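User: I'm new to this one and would like to learn how to read helix packing and ring pairs. Can you walk me through it?

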Amino acid sequence: MNLLNHWAERKDLELFLLVHEDKTQRPFYSLQSNITLIYTGHWRGWKRLLLFFSTCYYINKVKPDVTIGFILWNNILTALASRFVRIPSIVSDRNTLHVVQNFFVKNLRDFAYSFSARIVVQTDRAKVMFSKSLQEKTYVIANPVTVPSTVIN
């Protein structure tokens, strides 16, 4: 949300946030008013089966220059749906990669990430946990941290 709000300060960008909850689930963090929220309502129950198709639909409808996914399952979904509708994607893996030990999940992640234009991780250690082919398009960007002035004083 820090990055999204930062980008929203630029008036030359049109920003959309695709949320897979229904409209009653407002984002926890405050968002700039010029960020358009799109709710699919497909996160719970049997509607999860529609996530891929609704994600493809909204990406194709908005036609962004690039999509950016955060968090493992959203990254997989974003990378695959973006590839399907021929829009470049960036995935930002915020997890410690060695936590993904399930053979199926690890291989699905690597398969989906192979379609992304770029992969962003937080540390050099996270970068080297990917295969050599994925490392070639992986960039390290540390978390932006906002420290309240009361902590500094």
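This is a predicted model: local features need pLDDT of at least 70, side-chain atom pairs count only at pLDDT 80 or more; totals for chains, interfaces and linings use all residues.

User: Okay, so how are two packed helices described?

Analyst: Two packed helices are described by the angle between their axes and the distance between the axes. Take H3 and helix H4 (residues 103–113): their axes come within 8 Å and cross at roughly 40 degrees. Angles under 35 degrees count as roughly parallel and 65 to 115 as roughly perpendicular, so H3 and H4 are oblique to each other. Their crossing is left-handed.

User: Which residues of H3 and H4 make that contact?

Analyst: On the H3 side you'll find Leu72, Trp73, Asn75, Ile76, Ala79 and Leu80, and H4 brings Val105, Leu108, Arg109, Phe111, Ala112 and Tyr113. Sorted by class, the contact of H3 with H4 has 10 nonpolar residues, one polar and one charged.

User: Now for H2 and H3: at what angle do they pack, and how far apart are their axes?

Analyst: Helix H2 (residues 51–62) and helix H3 (residues 72–84) pack at about 55 degrees, and their axes are 9 Å apart. H2 and H3 are therefore oblique to each other. This crossing of H2 and H3 is right-handed.

User: And which residues meet there, H2 against H3?

Analyst: Leu51, Phe52, Thr55, Cys56 and Ile59 of H2 meet Leu77, Leu80, Ala81, Ser82 and Phe84 of H3. That contact of H2 with H3 divides into eight nonpolar residues, two polar and no charged.

User: Let's do rings. How many aromatic pairs does the structure hold?

Analyst: It holds five aromatic pairs. One of them joins Phe52 and Phe53: the ring centres are 5.5 Å apart and the planes sit at 80 degrees, so the pair is edge-to-face. The cut-off behind that label is planes over 60 degrees apart.

User: Why is the pair of Phe52 and Phe84 edge-to-face?

Analyst: Because the planes of Phe52 and Phe84 are at 65 degrees, with the ring centres 5.7 Å apart. This pair links distant parts of the chain: Phe52 is in helix H2 and Phe84 in helix H3, 32 residues apart. Ring pairs link Phe52, Phe53 and Phe84 into a cluster.

User: Is Phe84 buried or exposed?

Analyst: Phe84 counts as exposed, at 59% relative accessibility. Phe53 counts as exposed too, at 58%, while Phe52 is partly exposed, with a relative accessible area of 27%.

Conventions:
Residues are numbered from 1 along each chain as its sequence is written. Side-chain values use heavy atoms; hydrogens and water are left out. Axes are lines fitted to C-alpha atoms, for helices over the stretch in contact, and angles run from 0 to 180 degrees between N-to-C directions. Helices (H or I, at least four residues) and strands (E, at least two) are DSSP runs, numbered from the N terminus. Angles under 35 degrees count as roughly parallel, over 145 as roughly antiparallel, 65 to 115 as roughly perpendicular and the rest as oblique. A crossing is left-handed if the near helix is turned anticlockwise from the far one by less than a right angle, and right-handed if clockwise. Contact means heavy atoms within 4.5 Å. Ala, Val, Leu, Ile, Met, Phe, Trp, Tyr, Cys and Pro count as nonpolar, Asp, Glu, Lys and Arg as charged, and the others, Gly among them, as polar. Rings of Phe, Tyr and Trp (its six-membered ring) pair if their centres lie within 6.5 Å; planes under 30 degrees apart count as stacked, over 60 as edge-to-face and the rest as tilted. Buried means under 20% relative accessible area, exposed over 50%, partly exposed in between (1.4 Å probe, protein chains only).
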